Amino acid sequence: GGSKRFGLVCSRWYAMVWEKKPGVVRIWVDGCFDMMHYGHANLLRQSRLLGDELFVGIHTDEEVFRFKGGYPVMTAAERYAACRACKWVTKVVEDAPYVTEMADLKKYQIDYVSHGDDLSVDLNGNDSYAAVKAAGMMKYVRRTEGISTTDLVGRMLLLSKAHHESEACSEDPYKGLGGSFSAAQGPPPENLSRFLTTSRRIVQFSNNRAPKPTDVIVYADGSYDLFHEGHAAFLREARQLGTYLIVGVHTDKVVNQAKGANFPIMSLCERVLSVLSCRFTDECIVGVPFDVSEEMVRTMKVAVVAAGVGVTRTETGRDPYEVPRKMGIFREVNSGNSLTASRMISRVIQHRLDYEERNRKKLAKDVMLQSTGIQGQDL
């Protein structure tokens, strides 16, 4: 399938990136990277700024279970692929140990290890990076506030739309999660449940290359909710139809009208940052309408409009690609990947009690970590 081809091509490319050239500073980051979101991407972006190359070690499902007491929502293969699609990543190292080992850092010729300004401990409660710190190789970057995998799981288990940008932020996004986020445990830390968009952050994630007159511009719109390897595979195939890919991201209102319930799980600007972090995206249009208009096609000088195979949004009763079809510029793209946001949510719901318990422990840890004295750089 296309998913395997996507992973195989990436694996072959990354296998070539090994020996370090003289003068190159190589950075190491490791983690689970479950349901990779813009918080993960911002960690990778900041870490890449510390050097020239970024190696990312990702733990196996079994390693995550051993140290965190539960399996990730995404499989190891899905997490590897999602991380490989991030434009700041030089190489993904599979099967990385939870406790960073100096032997691995030497093997990959690592100069520094980067981590967010939160604490990571082993099974005995000891600092996972003690050896790295002792070697003088530790660097800290600022943790991205307002997003975490825990928060996303919480949103999935609710029918609240508090995370949508069109709604007031006064509603408690944790309300209704039963024992996991009960009043008895106190409110979750404010900075863990809210996201405030800044123009600075969007600029940091954006590319600075404008299309050339000779570029063949491809346009691909969608919700891109819970951005995953399926989205990345689609954008990769879409970009191969031209030389410059513009990705249109639908507003929260448009997505909710099409999909109902509490979709999208991520707000518009959260989804935009995820799309911008993808290595196949050249430019992003924020808040596009449901239908692709002739005016938009001509204004953006679009040569090809791409969509997934069979995507006609029949639930709305109309085809949003009617105009590009008539113009003869519509192309269907087969990403070969069947992963969807709905499937991810189904996994969470299926194991709801496990995730609720993990969320309870994670929130308790986050409250404790706010009192630590670690302060990362804000890059």
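Visitor: Is D111 buried, partly exposed or exposed, and why?
Guide: This is a predicted model. D111 counts as partly exposed because its relative accessibility is 26%, and the cut-offs are under 20% for buried and over 50% for exposed.

Visitor: What does D111 form a salt bridge with?
Guide: K20, with the closest N and O atoms 2.7 Å apart. D111 lies in the loop between α5 and β4 and K20 in the loop between α1 and β1, so the pair ties together parts 91 residues apart in sequence.

Visitor: And which residue does E94 pair with?
Guide: E94 forms a salt bridge with R84, the closest N and O atoms being 2.8 Å apart. E94 is in strand β3 and R84 in helix α4, so this pair ties together parts that are 10 residues apart in sequence.

Visitor: Buried or exposed, that R84?
Guide: R84 is buried, at 7% relative accessible area, while E94 is partly exposed at 39%.

Visitor: How many residues of α4 are buried?
Guide: Eight of its nine. Among them are E78, R79 and Y80.

Visitor: What about α9, how many there?
Guide: Nine of the 11 residues are buried, so helix α9 is largely enclosed by the rest of the structure. The buried ones include H231, F234 and R236.

Visitor: Back to salt bridges. How many are there by this rule?
Guide: The count comes to 18. One of the pairs is E322 with K326, at 3.1 Å from N to O. They are four residues apart in helix α13, so about one helical turn separates them. K326 is exposed at 69% relative accessibility.

Definitions and conventions. Residues numbered from 1 in each chain as written. Predicted model: local features only at pLDDT ≥ 70, side-chain atom pairs only at ≥ 80, totals over all residues. Heavy atoms only, no water. Buried < 20%, exposed > 50% of the residue type's maximum accessible area, 1.4 Å probe, protein only. Helix = DSSP H or I, 4+ residues; strand = E, 2+ residues; numbered from the N terminus. Salt bridge = Lys/Arg side-chain N within 4 Å of Asp/Glu carboxyl O.
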